[in-house]
Amino acid sequence: MDRIKVVGGNQLNGIIPISGAKNAALPLMIASLLTDDTLTLENVPHLADVEQLVRILGNHGVDIAVNGRRERQGEGYARTIHFTARNIVDTVAPYELVSKMRASFWVIGPLLARMGEARVSLPGGCAIGTRPVDLFLEGLSALGAEIDIDGGYVNARAPKGLKGGTYRFPKVSVGATHVLMMAATLANGTFEIENAAREPEVADLAKCLNAMGAKISGAGTGHIVIEGVTSLSGARHRVLPDRIETGTYAMAVAMTGGDVFLENTSADLLDAALDAVRAAGADITPTNAGIRVRRNGAGIEPVDISTDPFPGFPTDLQAQFMGLMTHSKGRAHITETIFENRFMHVQELARLGAHISLSGQTATVEGVARLKGAQVMATDLRASVSLVIAGLAAEGETVVNRVYHLDRGFERLEEKLSNCGAEIERISG
Ligand code: EPZ
């Protein structure tokens with residue numbers, strides 16, 4: 001199994017190109033199930049999760065051509081991919097495929113809307129919390145679906161089609177908002193979603209669906225209105241920049257010091273996170289082409305944060321920010337409000353010499369002047385990269401095991417960092 005070796009101590013200087021967002025690409029790919037025409041997606045990141053979804057969509061009969069223009073030469077770079085779901089050959093999403101990645105459960109929306117039925121395995125447990133699917137099922141019922149659960153599968157049926165109505169989320173869910181929005185595009189009548197997720201990836205999906213002929217307004221706000229249409233067509237859409245990757249590298253620069261331009265991204269996607277990085281002592285200058293991040297001289301200031309749905313501080317950057325705070329000049333409180341068990345990185349950061357105590361949903365991080373390299377391991381992708389960030393500032397060698405977690409969500413991480421002066425390499429085998 002591959003590992004990543006980091007030798008800490010170098011500043012980062014240079015340019016880091018930001019990839020297309022994993023969490024936008026996945027629902028966009030799933031949207032291809034809604035039409036028998038071709039959906040072409042540009043700037044699709046080359047990631048393990050994308051490859052897994054390609055397998056899942058293939059199982060439903062989607063024809064996938066990756067022979068589009070490569071945006072740069074070589075393996076591991078963003079690609080243009082064509083998805084054509086001319087015939088849906090199977091409306092069952094089996095356990096073997098769905099259990100590997102929670103987002104694959106989302107095929108339930110388009111399959112039900114287009115085919116009138118879907119049988120999709122429950123996604124199962126996950127390292128960051130229990131993550132139930134109750135909100136999906138309530139929302140699909142509000143769209144007129146009949147739902148039952150048997151043998152670990154959700155059976156959803158709408159033989160006469162889905163219908164208009166309203167669903168108010170009792171709690172914000174990104175995935176369930178994606179699914180209801182996709183399903184409602186082909187409903188009879190108008191469907192309204194209240195307390196919808198406002199994440200940029202939801203707005204990006206709506207933009208693509210509208211290009212396919214859907215009638216969606218309000219995506220990106222808490223109130224989305226979807227006027228059903230009888231069919232959707234193909235479209236061409238460019239996946240928006242990855243705000244989590246952007247924030248991760250901003251935190252890495254704040255950690256090491258230096259001067260890096262994060263290219264092809266936008267500060268609007270992550271204001272709350274950039275505010276926290278600024279408060280920690282980095283200079284952040286947004287431009288039309290990206291974001292310049294610098295930190296020189298002074299040490300890292302402690303900053304308290306609490307995760308929240310967008311536009312709040314993203315849970316997907318919580319681990320990385322904790323990595324940064326391990327090396328601050330004081331005490332920082334980090335509160336996780338989205339997932340109940342997203343602190344698996346705490347004990348691994350401690351192996352590098354971090355001082356962190358946990359009380360309920362809040363971690364108290366006492367910054368230390370000196371982190372020391374060690375062997376570490378992580379259980380999810382954001383936790384893994386927090387260990388890389390800490391390793392960049394640690395004395396000596398840090399080896400991050402289970403790199404497949406990183407490969408799920410970070411495109412060419414070691415290359416991007418080493419191009420900016422980090423001593424980092426992948427060790428195969
Ligand atoms: C998306 O997951 C992201 N995944 C996650 O990123 C991200 O952490 C999360 O949104 C929150 O921002 C993708 O976009 C592929 P939710 P999702 O439904 O949609 C609870 C990463 O690292 N909930 O918004 O699965 C749930 O348990 C990943 O890239 C219910 O209770 O998250 C959680 O506490 C990890 N019932 C909260 O809502 C439901 O039916 C928010 O989850 C659904 C969710």
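1. A polar contact here is a pair of N or O atoms within 3.5 Å. With that in mind, an oxygen atom of the ligand sits 2.7 Å from a polar backbone atom of Gly175. Please keep in mind as you read that this is a predicted model.

2. Side chains also reach the ligand's oxygen atoms. Asp316 places a polar side-chain atom 2.6 Å from an oxygen atom of the ligand, and for Arg102 the distance from a polar side-chain atom to a ligand oxygen is 3.2 Å. On its own the ligand has 830 Å² of accessible area, and the protein covers 92% of that.

3. Now for the surroundings. There are 24 residues around the ligand, and Asp134, Ser173, Asp316, Ile338 and Arg382 come nearest. By class, the shell has 12 nonpolar, 8 charged and 4 polar residues.

4. Where does the shell around the ligand come from? Domain 1 (3-16 + 242-427) and domain 2 (24-238) each supply at least three residues. Among elements, helix 1 (22-31), helix 5 (134-142), helix 6 (174-184) and helix 12 (381-393) are those that give two or more residues to this shell.

5. You will find Thr315 in the loop between strand 18 (305-306) and helix 10 (318-325). Is Thr315 buried or exposed? Its relative accessibility is 11%, so Thr315 counts as buried, the cut-off being under 20%.

6. Finally, the neighbours of Thr315. Leaving aside residues up to four places away in sequence, Thr315 touches Thr307, Glu336, Ile338, Phe339 and Arg342. With Arg342, the side chain of Thr315 makes a polar contact of 2.8 Å to the Arg342 side chain.

How values were computed: Residues are numbered from 1 along each chain as its sequence is written. This is a predicted model: local features need pLDDT of at least 70, side-chain atom pairs count only at pLDDT 80 or more; totals for chains, interfaces and linings use all residues. Side-chain values use heavy atoms; hydrogens and water are left out. A residue is near a molecule or strand if one of its heavy atoms lies within 4 Å of it. A polar contact is a pair of N or O atoms within 3.5 Å; within protein, one must be able to donate a hydrogen and the other to accept it, and residues adjacent in sequence count only if both atoms are side-chain atoms. Accessible areas come from the Shrake-Rupley method with a 1.4 Å probe; for residues, only the protein chains shown count as cover. Helices (H or I, at least four residues) and strands (E, at least two) are DSSP runs, numbered from the N terminus. Ala, Val, Leu, Ile, Met, Phe, Trp, Tyr, Cys and Pro count as nonpolar, Asp, Glu, Lys and Arg as charged, and the others, Gly among them, as polar. Domain bounds come from an automatic or database domain assignment. Buried means under 20% relative accessible area, exposed over 50%, partly exposed in between (1.4 Å probe, protein chains only). Contact means heavy atoms within 4.5 Å.
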